[in-house]
Amino acid sequence: DNTVKLWDVTSGECLQTLEGHSRNVTSVSFSPDGTKVASGSFDKTVKLWDVTSGECLLTLKGHSGRVNSVSFSPDGTKVASGSRDKTVKLWDVTSGECLQTLEGHSDEVHSVSFSPDSSKIATASGDIKIWEDPRHRELKVTMLCFRRANRRRPDFGLELPSEAGRKLYNPDILRKLWEFL
């Protein structure tokens with residue numbers, strides 16, 4: 001129905017319905033202070049919402065394909081969006097300005113996630129890339145795939161650049177990755 005719904009997890013009550021996207025909403029993310037929500041949509045936009053009033057504060061335009069993933073930075077100053085157009089855009093939360101467009105994936109970007117200190121961004125497509133400040137240069141990352149005998153689905157892992165040659169094997173890479181960086 002092209003909306004974002006905010007729910008009370010204790011009562012199950014719908015607290016707010018945010019209307020404004022013209023196509024399916026694919027991703028949502030709360031700001032660290034809980035006052036804003038970012039939403040991405042098939043309509044190729046990211047919207048920033050005020051949680052209390054339900055007002056759309058900003059509509060961020062610039063992707064040429066649907067937005068698959070949005071994520072607030074832990075410091076609350078930026079939103080990253082990943083799109084079918086194979087790019088990741090970094091947006092200023094206050095002005096709505098596109099600060100940077102990260103290019104390098106060969107397929108649509110399905111997921112974006114900031115490191116806890118906001119200095120890196122992990123992005124997932126058919127591959128996984130980690131981008132580091134300043135200027136979000138790409139770090140060299142090798143994606144590994146392996147299958148355990150007792151599992152139907154393959155697990156995925158990353159080989160991260162480091163002197164120790166650390167390796168991470170984890171099926172939920174983007175959420176757990178930051179422990180190892």
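The structure holds 0 disulfides. Please keep in mind that this is a predicted model.

**Cysteines**

- In soluble globular proteins, nonpolar side chains tend to be buried together.
- Here, the largest nonpolar core has 10 residues: Ala38, Val46, Leu48, Leu60, Val67, Val70, Phe72, Val79, Trp91 and Val93.
- Two elements each give two or more residues to this core, namely strand E5 (45-50) and strand E7 (67-72).
- E7 provides the largest share, with 3 residues.
- There is also a second, separate core of 9 residues, and Val88, Leu90, Val109 and Trp131 are among them.

**Contacts of Val67**
- Val67 belongs to the largest core.
- Beyond its neighbours within four places in sequence, Val67 is in contact with Thr26, Gly40, Ser41, Lys44, Thr45, Val46, Ser81, Gly82 and Ser83.

**A look at Leu60**
- You can find Leu60 in strand E6, which spans residues 56-61.
- Is Leu60 buried or exposed? Leu60 is buried, because its relative accessible area is 2% and buried means under 20%.
- If residues up to four places away in sequence are not counted, Leu60 touches Lys44, Thr45, Val46, Leu48, Trp91 and Gly96.
- Take Lys44 from that list: Leu60 and Lys44 are 16 residues apart in sequence, while their C-alpha atoms are 8.9 Å apart in space.

- Strands of a sheet pair through backbone hydrogen bonds, either parallel or antiparallel.
- In this structure, 4 strands form an open sheet in the order E7-E8-E9-E10, and their pairing is antiparallel.
- Which strands stand at the edges? They are E7 and strand E10 (98-103); each has a single partner strand, so one side of each has no neighbour in the sheet.
- On average, neighbouring strands of this sheet are turned by 20° against each other, direction ignored.
- Strand E8 (residues 78-83) and strand E9 (residues 87-92) run antiparallel and are joined by 5 bridges.
- Opposite Ala80 you will find Leu90 in E9, and Leu90 is also one of the residues of the second core.

Notes: Residues numbered from 1 in each chain as written. Predicted model: local features only at pLDDT ≥ 70, side-chain atom pairs only at ≥ 80, totals over all residues. Heavy atoms only, no water. Core = buried A, V, L, I, M, F, W, Y, C linked by side-chain atoms within 4.5 Å. Buried < 20%, exposed > 50% of the residue type's maximum accessible area, 1.4 Å probe, protein only. Contact = heavy atoms within 4.5 Å. Pairing = 2+ DSSP bridges. Axes fitted to C-alpha atoms, helices over the stretch in contact; angles between N-to-C directions. Disulfide = S-S within 2.5 Å.
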